[in-house]
Amino acid sequence: MTTTDTIAALALGVAVVAALAAIGSWKAARNANGAAQTLSRIEQQRLHADLTPVFRCAIVANEARSTAMLRVHLEGPPGLLSHDAIEITVSIRNDNPHRGNGNGPQLAGTAAPEEVRAHIWGPWKFSGDGRDNTGRTVAPQQLTVGEWTRYGLTPTTPPPWSTSSTQDWLRDYENDPVRLSITARSKGSSTWTVPLEVSVTTEGTA
């Protein structure tokens with residue numbers, strides 16, 4: 001091997017080592033960037049979880065249980081104070097989330113799955129202004145930590161295809177809680193969904 005060949009080989013070796021070092025640096029930088037993104041995402045998720053709104057709710061019905069009032073109080077956490085007011089939307093969940101999922105065949109003369117899902121399977125529905133057609137959801141409201149709002153409720157009725165009387169229907173749900181879902185949105189576009197179950201008390205016994 002001539003001197004020229006030796007020099008060429010050495011140059012090639014140096015070039016290969018430099019290329020490998022560059023690849024290693026790129027991989028290290030990519031891994032570091034990926035780790036930083038993962039840590040940032042975990043921290044954002046932690047902060048989001050720490051700011052999950054805390055609600056205290058109470059439902060009081062009149063003695064005849066013909067009407068009731070739901071009171072929703074935003075208790076915290078204190079970190080939400082930096083978000084000013086948050087928007088809350090209160091909805092009523094069904095007693096069985098699997099009703100109307102349409103897994104089985106639909107029999108002639110029976111309700112369609114969407115009709116079953118739309119009906120409120122529970123003791124109470126919203127009655128005040130701003131409710132939807134079924135009384136399941138009310139219009140959004142703005143609340144800040146420490147504030148409260150209230151909503152009127154009225155008893156539900158059995159679905160049109162049911163053979164149960166209204167009295168039997170109400171008796172079946174007499175001691176059941178109202179299952180709520182409160183969706184909260186901050187001005188920073190953060191969104192939380194808080195499920196709750198609220199027992200119903202009667203005036204004079206609360």
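Is Glu87 buried, partly exposed or exposed, and what is its relative accessible area? In this predicted model, Glu87 is partly exposed, at a relative accessible area of 26%.

**Salt bridges**

The count of salt bridges comes to four.

| Pair | Closest N and O atoms |
|---|---|
| Glu87 and Arg185 | 3.9 Å |
| Arg171 and Asp168 | 2.6 Å |
| Arg179 and Glu197 | 3.3 Å |

Take Glu87 and Arg185, which form a salt bridge. Glu87 sits in strand S3 (residues 86–92) and Arg185 in strand S7, so the pair links parts 98 residues apart in sequence. Arg185 is partly exposed, with a relative accessible area of 39%.

Arg171 and Asp168 belong to one helix, H3 (residues 166–172). They are three residues apart, about one turn of the helix. Asp168 is partly exposed, at 33% relative accessible area.

Arg179 forms a salt bridge with Glu197. Arg179 lies in strand S7 and Glu197 in strand S8, so this pair ties together parts 18 residues apart in sequence. Arg179 counts as buried, at 17% relative accessibility. Glu197 is exposed, with a relative accessible area of 53%.

**Strands S7 and S8**

Strand S7 (residues 178–185) pairs with S8 in the antiparallel sense, over eight bridges. Arg185 has Thr191 of S8 as its bridge partner.

Strand S8 spans residues 191–198. Its covered face holds Trp192, Val194, Leu196 and Val198. Its uncovered face holds Thr191, Thr193, Pro195 and Glu197. Side chains in a regular strand alternate between the two faces of the sheet. Glu197, the salt-bridge partner of Arg179, is on the uncovered face of S8.

Conventions. Residues numbered from 1 in each chain as written. Predicted model: local features only at pLDDT ≥ 70, side-chain atom pairs only at ≥ 80, totals over all residues. Heavy atoms only, no water. Buried < 20%, exposed > 50% of the residue type's maximum accessible area, 1.4 Å probe, protein only. Helix = DSSP H or I, 4+ residues; strand = E, 2+ residues; numbered from the N terminus. Pairing = 2+ DSSP bridges. Salt bridge = Lys/Arg side-chain N within 4 Å of Asp/Glu carboxyl O.
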